[in-house]
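Open the model in your viewer and keep the selection panel at hand. The stops below say what to select and what to look for there.

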Amino acid sequence: MSAQAASFRLQAVLAAAFMVAMVVGAILLAGANPLSVAIGIGERALFTRAGLLEAVLRTIPLTIMGLGIALAFKARIFNIGMDGQLIAGSVAAMAVAPFLPLDALGLFLLLASGLAGGAIWGGIAGIIKGRFGGNEIIATIMLNYVALQVLSWLIRGPMQETMRIIPRSDPLDAALRLPILFEATRIHLGLVIALFAVVAVAVLMQRSRYGFKLAVVGANPHAARYAGIDPRWIAGGVLALSGALAGLAGAVEISGVYGRLQEGFAPGFGITAIAVALVARLNPLLVPVSAFGFSLFYVGLGALARNGVVPFPIVNILEGTIIFVFLAGGIFVAHRTKRVQAEALDG
Amino acid sequence: MDEALFLSGLLAAGIRLAAPIALAAIGETISQRAGVINVGIEGIMLVGAFVAVLVTVMAGNPWAGLAAAILAGAAMGAIHAVFTVRLKAEQIVSGIALLFLGLGLSGYGFRLTLAQGGSAVQVPGFRELDLFALSDLPFIGPVVFGQHALVYIALFCAAGLAWMLASTRLGLMIKAAGDYPQALDAAGGDVDRLRFVCVVVSGAFAAAGGAFLSTAQLWGFVENMTAGRGFLAISCVVFARWNPLAAVAVALGFGIADALQIRMQTSYPGVPYQFFVIAPYVVAIVSLAVASKGSRMPAALGTPFVSQRQ
């Protein structure tokens, strides 16, 4: 290892250490003991039945959405609009619900509608990116705000409950709810759907031509063009595809947990899903593990925040810090520096 | 006369609503011109907004709040610079992390300090300039002479930056860092140092935008109060083709659209207000689709640079 590379690594370690120190400092500022906070998270999340079950419940949508992020980020398409796509999916599912047969087929169609709704919302950003070359980060974020406002209108207007008191929809028919898997828990069939999605996305990314195309476009769009791959089609398509997964997650949450449309369900999941996928290094098989880890963190911290130990936004600080530490850790992946140099020469 | 009064009020409000976006867009222009994209300015704006309110309340002076916000924004920019410029990390991912961090730090700090009292804190924020006779002029008075001091400072900065990029040695070096860093490197320039400084400065501008939001436009902090303004600022930069003065003009367009939708809400109570609220975002989405075609962004934007000199 040359002296230059050694100093590079030292800087990475220092940068990561600084970020961690900031989190510790933030906890100290709140008058809490960082060590007891860490222990408290572990105790609540790992060693209580309720905490563990809550974390599993949260892992379901985060896994499905993390897979969508992994697909898009693999092609270096940065979909930050999963929150909007999730809303679009759950609205689509609830909108078709009254017309569905009340059996397994109806439940299947409900989830398919969620998938389609998310695909359409992601597809709008896909068209802006693929057809017009507009930045997908801006497009997906703006569509988040549009989706939030449309939802706010729908549940106070055309989709509000018959009683017209609370801004929420009527409940789904019991036949359209995902069945509970284990007696006396809230763990529903969505867990199986999430695991199925992991396998499907893993095959797609690691065994199929499409997955290879995503990787080529992500690594070098110029080379992709020479190989006969149109990066614009890939960009547009993968935005719709990852939107579809977010929409599916929305329909699963509605059907499995809430049973009706309301505001503020799945708060910030789209953002957390990004952290989930990045820490899993965009590997679909690691996404559920990462999602479970983040869920444990969230459940543990959430319990501490409710008890007033630390203010709740510590969750966001921690998510940001984890990504920064992950970025610093990326320096240590062997071929990393070489790739950067190759890109610099190529540019 | 009513129309003139309406138009004058609309423009004056539009400028006020545009100022935070314009300040952030000026900063993002500098950073992107040097080759570093920062998608986390939304997070920096939030930190700026919070720090400005906190220090304004503590010091009793909004200028102290602004100064503190600028320092905090520069520090946030420095984090992005360390990861993207020094460590050559993926710029988009670092920006996303910065967004989380800013969201978390501002909300966390707010709940530890200002939100503790329970009742709303009095914020001695900025007042509009009052140039006596000038500000009382019909129509142009409130629009041209009745704005916050920061609006004039922002305009001055945008003009100065445009001049700097177009006609100075430093401007040429910044453009080289963003378009063809190899050339700057070969000529003996330090690409990384230049990029580092530009990213720090862009953080300071974004935080100043946040400070305007919380101490001039509104007098107080609300969690996640920027509501996408940082991303609107980035779309201003793209729409303005990386020209700082044009970016301010585009921001003004967003500001006027925002002022207009607020007025429409009261004029058309029959239409659900949500349809008016989404107007600026829809304008941004449509303009993104229209403006991106054939636009030429800095060639090395988003690409980390590794010097080949020994």
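## Stop 1: a covered helix

Start with helix H11 of chain A: the cover over its buried residues includes helix H3 (49–74), H4, helix H10 (231–258), helix H12 (287–306) and H13 of chain A, together with helix H4 (91–112) of chain B. Helices here are DSSP runs of H or I with at least four residues, strands are runs of E with at least two, and both are numbered from the N terminus. This is a predicted model, in which local features need pLDDT of at least 70, side-chain atom pairs count only at pLDDT 80 or more, and totals for chains, interfaces and linings use all residues. Residues are numbered from 1 along each chain as its sequence is written, while chains are lettered from A and ligands numbered from 1 in the order in which they are written.

Now select H11(A) itself. Eleven of its eleven residues are buried, so H11(A) is largely enclosed by the rest of the structure. Buried means 20 or more other C-beta atoms within 10 Å of a residue's own; exposed means 12 or fewer; partly exposed lies in between; the C-beta atoms are placed from the backbone. Among the buried residues are A:Phe269, A:Ile271, A:Thr272 and A:Val279.

Pick A:Ala275, which sits in helix H11 of chain A. It is buried, with 26 other C-beta atoms within 10 Å. Beyond its neighbours within four places in sequence, A:Ala275 contacts A:Phe294, A:Glu319, A:Ile322 and A:Ile323. Contact means that the C-beta atoms of two residues, placed from the backbone, lie within 7 Å.

Next, A:Ala277. Not counting residues up to four places away in sequence, it touches A:Gly66, A:Ile69, A:Ala70, A:Phe73, A:Leu282 and A:Val287. Then go past the end of the helix. H11(A) is followed by A:Arg281, with a positive phi near 50 degrees.

## Stop 2: the core

Which residues have the most contacts inside the largest nonpolar core? Select A:Met142, A:Ala277, B:Ala25, B:Ile26, B:Ala207 and B:Cys236; the core has 227 residues. Such a core is a set of buried Ala, Val, Leu, Ile, Met, Phe, Trp, Tyr and Cys residues joined through C-beta atoms within 7 Å. Helix H10 (residues 191–217) of chain B gives the most to this core, with 17 residues.

## Stop 3: two crossing helices

Show helix H4 (residues 82–96) of chain A with H6(A). Their axes come within 8 Å and cross at roughly 35 degrees. The axes are lines fitted to C-alpha atoms, for helices over the stretch in contact, and angles run from 0 to 180 degrees between N-to-C directions. On the H4(A) side, the contact includes A:Asp83, A:Ile87 and A:Val91; on the H6(A) side, it includes A:Leu143, A:Asn144 and A:Leu151. By class, this contact has nine nonpolar, two polar and one charged residues. Ala, Val, Leu, Ile, Met, Phe, Trp, Tyr, Cys and Pro count as nonpolar, Asp, Glu, Lys and Arg as charged, and the others, Gly among them, as polar.

## Stop 4

Select A:Arg164, in the loop between H6 and helix H7 (190–207) of chain A. Its phi is positive, about 55 degrees, although it is not a glycine. With 8 C-beta neighbours inside 10 Å, A:Arg164 is exposed.

A:Ala184 is in the loop between H6 and H7 of chain A. Its phi is near 65 degrees, a positive value in a residue other than glycine. A:Ala184 counts as exposed, with 7 C-beta neighbours inside 10 Å.

## Stop 5: chain A against chain B

Colour by chain. The contact takes 48 residues from chain A and 44 residues from chain B. H6(A) gives the most to the chain A side, with twelve residues. That side has 33 nonpolar, 13 polar and two charged residues.

Finish at A:Ala328, in helix H13 of chain A. It touches A:Ala12, A:Ala15, A:Ala16 and B:Leu87, leaving out residues up to four places away in sequence. A:Ala328 and A:Ala16 are 312 residues apart in sequence, but 6.0 Å apart in space, C-alpha to C-alpha. A:Ala328 is buried, with 23 other C-beta atoms within 10 Å.
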